[in-house]
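Work through the following exercises with the sequence and the model side by side, and try each task before reading its solution.

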Amino acid sequence: MSASPTDSPRVLGILGDGQLAKMTAEAAQTLGVPVRILGADPEGPCAGLGVFVRGDVHNAGDVAAFAEACDVVTLESEFIAPEVLAAAGDKLRPSLASFQRIDNKADEKAEAERLGLPVAPYRVVDHVDAALPGAPFMAKLAKGGYDGYGNWAVRSEAERQAFLADPPSGRLVIEDWVPFEREVAVTVARSETGDTAAYPVVDTLQANHVCTRVMAPSSVTPELAAEVTRLALAFVEGVGHTGVMTLEFFITADGAVLFNESSPRPHNSAHYTMDACETSQFEQHVRAVLGMPLGPTGMTVPQAVMLNLLGSFAGPASAPAADEADGAHVHWYNKRETRPGRKMGHATLVGDDRDQLLGQSDALEARRLT
Ligand code: ATP
Ligand code: MG
């Protein structure tokens, strides 16, 4: 009997060719899913993975042509304009409708409030003027910010005056400053079939708005972890998202939980799942967008610490030698060029004792492999 078209494995298209696309494509291939990648650099992180289609993920014509040869199209970045994403039609996962609910930080916050997630007080402004609140506050571009680009921490009257004197253009979300005690994140998955799953809540540390360490599991109380997970599942279901999604929260000294932001795709804070959980976030994303059963999300080790390997100089990049890894699971992204602060790879340390792993991660970072 010849195979009907529905028997052949469905082709997954990925918009983008950076590290998240690379790790998603690797997971798909491990599941036997054929992959196509739309991007600019066939010799970059996705070199040698699936079928590489050279094109522009911000060009609707390129996306439409790319989608034709795919059964499902997913992405590694939410910064693609809705009218371009629309070119993938109903093959897009997460769907355009769910994206549009959280398309920018202003809509995302309104959606969070609608779904019962507490957020810090905020206002949305179309231009900066003297009506700005007094310091301290955090100003964020409603659209296009990441890793602190597009965020301004305004902590004093002097910083407020400087901000007023040289204001960014574009819509801004002005948030009350949150004197948080810690930050946590949780990654959840919602499948095409509506099934959901949640990974452990993790603690995150950021320096200059960039995540530097992820510690799994979080050391918050089980009650707080359950509350964070409950809110994240309410959000992913309320938005109707398909795929994995990470939500970041602030925890204040009195134990209040405030939603910060969501990422509708695999996320840096869940990279540890590759080495420390039964199913990696990338495999889970592939499973979710293709409607395959979701995998178990439990940890396979007592503790994990992930550190980003950030560039320390500008120039051609070369992978660190295996013996430099110090027992860590190193994931190198194969970017051709390094620059100070650029995410070049990450490393996960696993073991029994968080403090010991943090010490090892500091030693690894001090070696400046990148
Ligand atoms: P990401 O790298 O996660 O994409 P981003 O650039 O979108 O980040 P946010 O996550 O909104 O930005 O903010 C980055 C960091 O800045 C947060 O993790 C937190 O440490 C700090 N921060 C954000 N908002 C506030 C706030 N209202 N009050 C105090 N600190 C804040
Ligand atoms: Mg963030």
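**Exercise 1.** Determine which strands helix H2 lies across, and at what angle it runs to S2.

Solution. Helix H2, residues 60-68, lies across S1, strand S2 (35-39), S3 and S4, where helices (H or I, at least four residues) and strands (E, at least two) are DSSP runs numbered from the N terminus, and contact means heavy atoms within 4.5 Å. Its direction is at about 170° to S2, with axes fitted to C-alpha atoms, for helices over the stretch in contact, and angles from 0 to 180 degrees between N-to-C directions. The model is predicted: local features need pLDDT of at least 70 and side-chain atom pairs pLDDT 80 or more, while totals for chains, interfaces and linings use all residues. Residues are numbered from 1 along each chain as written, chains are lettered from A and ligands numbered from 1 in written order, and side-chain values use heavy atoms, without hydrogens and water.

**Exercise 2.** Work out the strand order of the open sheet of four strands, and explain why one side of S3 and of S4 has no neighbour.

Solution. The order is S3-S2-S1-S4, with parallel pairing, two strands being paired if DSSP finds at least two bridges between them. Strands S3 (51-54) and S4 (72-75) are at the edges with a single partner strand each, so one side of each lacks a neighbour in the sheet. From one strand to the next, the twist averages 25°. S1 (residues 12-15) is joined to S4 by four bridges, and Ile14 stands opposite Thr74 in S4.
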